[in-house]
Amino acid sequence: MNDLSPIAKYLCDQIDIASEHIPSIASETDHASTLIVDALLNDKKLLVCGLGFANPIAQIISSAFIDQYEFERPGFPAINIDLDSLNSDTPSANMIAKQIQAMGMESDVLVLISIGDEHKSFEEALTTAREKGIKTLLINGSEDATNYMTDALIKLPTNSISNGLQLAIFACNALIKSVESKLFGAAL
């Protein structure tokens, strides 16, 4: 690998990082997809939110659940909770929690995506979800991810933002494909 260009070496390193953690990410993703499938089969919805660099990933996963992904299928009810869409000049730590309070129902699933350090907004969101009986899935790259009480956790084994973004997209694609496979028998 010494003859590789810097970009080729970087890409190889990213593949190595992902491949080292496939067993844990696969196991966690399987558990998370079961949580989502159970909710969808019971006519519940997904509330999806990402902060900072994870916001575009949340938008992508929401769209992928609503629209077909790789084959024709019915859309899944998913709402992207986006702080950018709020009509407020000064977003507060409880803006996500307010949206969960307004739109979430018991047994819905809240999917929180974060690449780095935790945000007070996520703590408030998890508390509100628990109070309303909403199931929670955290997709997170922080060392502190295991400190949060959630129904499912997909731990992204990195504290690097660039690695976290790649692993989050990797895990979210696997999550969507797993849900589709469990509901429709689609090949992974």
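# Close-up views of a predicted chain

**At 29% relative accessibility, S107 counts as partly exposed.** Here buried means under 20% relative accessible area, exposed means over 50%, and partly exposed lies in between, with a 1.4 Å probe and protein chains only. The model is predicted, so local features need pLDDT of at least 70 and side-chain atom pairs count only at pLDDT 80 or more, while totals for chains, interfaces and linings use all residues. Residues are numbered from 1 along each chain as its sequence is written, and side-chain values use heavy atoms, with hydrogens and water left out. S107 is found in the loop between α4 and β3, where helices (H or I, at least four residues) and strands (E, at least two) are DSSP runs numbered from the N terminus. The phi angle of S107 is near 75 degrees, which is a positive value in a residue other than glycine.

**D43 also has a positive phi value, near 60 degrees, and is a residue other than glycine.** This residue belongs to the loop between α2 and β1. With a relative accessibility of 72%, D43 counts as exposed.

**D108 and K45 are joined by a salt bridge whose closest N and O atoms are 2.7 Å apart.** D108 lies in the loop between α4 (95-103) and β3 (109-114), and K45 in the loop between α2 and β1 (46-50), so the pair ties together parts of the chain that are 63 residues apart in sequence. A salt bridge is taken as a side-chain nitrogen of Lys or Arg within 4 Å of a carboxyl oxygen of Asp or Glu. D108 is buried at 2% relative accessibility, and K45 is likewise buried, with a relative accessible area of 17%. Side chains of opposite charge can pair when their charged atoms come close. The structure as a whole holds four salt bridges.

**K182 and D30 meet through their side chains in a salt bridge, with 2.8 Å from N to O.** The pair links distant parts of the chain, since K182 is in helix α6 and D30 in helix α2 (residues 22-41), 152 residues apart. K182 is partly exposed, with a relative accessible area of 35%, and D30 counts as partly exposed too, at 40% relative accessibility.

**Three aromatic pairs are found when the whole structure is searched.** One of them is formed by F71 and F184, an edge-to-face pair with 6.1 Å from centre to centre and 80 degrees between the planes. F71 is in the loop between α3 (55-66) and β2 (78-81), whereas F184 belongs to helix α6 (residues 161-184), so this pair ties together parts that are 113 residues apart in sequence. F184 also forms a pair with F76, which is stacked, at 6.1 Å centre to centre and with 15 degrees between the planes. This second pair links distant parts of the chain as well, with F76 in the loop between α3 and β2 and F184 in helix α6, 108 residues apart. Rings of Phe, Tyr and Trp (its six-membered ring) pair if their centres lie within 6.5 Å, and planes under 30 degrees apart count as stacked, over 60 as edge-to-face and the rest as tilted. F71 is partly exposed at 25% relative accessible area, F184 is partly exposed at 39%, and F76 is buried at 8%. Ring pairs link F65, F71, F76 and F184 into a cluster.

**R73 and E180 meet in a side-chain salt bridge, at 2.7 Å from N to O.** The two residues link distant parts of the chain, R73 being in the loop between α3 and β2 and E180 in helix α6, 107 residues apart. Both R73 and E180 are buried. The charged end of R73 also sits over the ring of F76, 4.0 Å from its centre; a charge is said to sit over a ring if NZ of Lys or CZ of Arg is within 6 Å of the ring centre and within 35 degrees of the ring normal.

**The chain behind these views contains six helices and five strands.** Along the sequence, these elements follow the pattern α-α-β-α-β-α-β-α-β-β-α. The chain has 188 residues, and 43% of them count as buried.
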